Amino acid sequence: MSMRSGGLVGLILAGALLGGTAVPAQAAPVVLTSGHVDVLDVDYASGALVVNVLDGTGATDVERDPADVVFRVPPAAKVNVPGGSAWSFLGTGGQAWILPQANTSGLLWAGWNTTEVPSGVFQNNRVTFRLTSVSGPAGFSIYTTSLGSPSVLFDSGNGLPDNLNVNYNSHAHVNWGFDAAGTYAVTFQVTGTLAATGATVSSGSKTFTFEVLA
């Protein structure tokens, strides 16, 4: 390239930058590592179902776009899976990474809420959480435990989609299970049937990113 050509290219690039055509750098995601968080924070207002992340890990609760958040699952979350067929949905080689149902120091205490869904808006006063896809190194599941036995709510290992009806004005914590280390993209959709018209409204697909560390 001649010196004249190189200078012309430089002028073009400089002009593009001054003209505002440069693409701004994307902000880094917020990485959540421990404390209270509602992964699905469901709100209904002005005819729309909205799903955010309610970040309660700091001094003040903050609503965040799921696309702006990474949920980190540290090595301390790795556990040995109990024996028995009831636990066959969980883990690889007898081990799994769990964000537990109970508040545990050093781990995220992850749940969901529908506390901003008004009474009487939806049929049966409930909405439906629909797990539509999971991309990651292995299986993903959500379950609760009672008296040492699991009740599986969502399980990517036996086919998707999976649905769960959730009452309005509820707040729950559950176990979030990951069968191997790696990054998971977990996609949910929240829907509801309007009591007044029978029409279905939807939040659209929302993808949540979990980073599981070995």
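Arg64 is partly exposed, at 24% relative accessible area. Quick cut-offs: buried is under 20% relative accessible area, exposed is over 50%, and partly exposed lies in between, using a 1.4 Å probe and protein chains only. Arg64 forms a salt bridge with Asp55, with the closest N and O atoms 2.9 Å apart. By salt bridge I mean a side-chain nitrogen of Lys or Arg within 4 Å of a carboxyl oxygen of Asp or Glu. Asp55 is buried, with a relative accessible area of 4%.

A word on what you are looking at. This is a predicted model, where local features need pLDDT of at least 70, side-chain atom pairs count only at pLDDT 80 or more, and totals for chains, interfaces and linings use all residues. Residues are numbered from 1 along each chain as its sequence is written, and side-chain values use heavy atoms, with hydrogens and water left out.

How many salt bridges does the structure hold? There are 2. Arg72 and Glu211 meet through their side chains in a salt bridge, at 2.7 Å from N to O. That pair links distant parts of the chain: Arg72 sits in strand S5 (residues 69-73), Glu211 in strand S17 (residues 206-212), and they are 139 residues apart. Strands here are DSSP runs of E, at least two residues, numbered from the N terminus. Arg72 is partly exposed, at 28% relative accessibility. Glu211 is partly exposed too, at 23%.

Now Asp41. Asp41 lies in strand S2 (residues 35-45). Asp41 is buried yet has no salt bridge. Which side chain of opposite charge is nearest to Asp41? That is Arg64, 11 Å away. For charge, Lys and Arg count as positive, Asp and Glu as negative, while His and the chain ends are not counted. The Asp41 side chain does make a polar contact with the side chain of Asn113, at 3.0 Å. A polar contact is a pair of N or O atoms within 3.5 Å; within protein, one must be able to donate a hydrogen and the other to accept it, and residues adjacent in sequence count only if both atoms are side-chain atoms. Beyond its neighbours within four places in sequence, Asp41 is in contact (heavy atoms within 4.5 Å) with residues including Val51, Val53, Glu63 and Glu116.

On to the sheets. Strands of a sheet pair through backbone hydrogen bonds, parallel or antiparallel. I call two strands paired if DSSP finds at least two bridges between them. Leu40 stands opposite Trp112 in S8.

Another open sheet of 5 strands runs S6-S7-S14-S10-S11, with antiparallel pairing. The edges are S6 (78-80) and S11, each pairing on one side only. S7 (residues 95-99) pairs with S14 over 3 bridges, and Leu99 has Trp176 as its bridge partner in S14. S10 (residues 140-146) pairs with S14 (residues 175-178) over 4 bridges. There, Ser141 stands opposite Gly177. S10 also joins S11 (residues 149-155) through 6 bridges, with Thr144 opposite Ser151. The hairpin of S10 and S11 has 2 residues between the strands, and Leu147 takes a positive phi near 55°.
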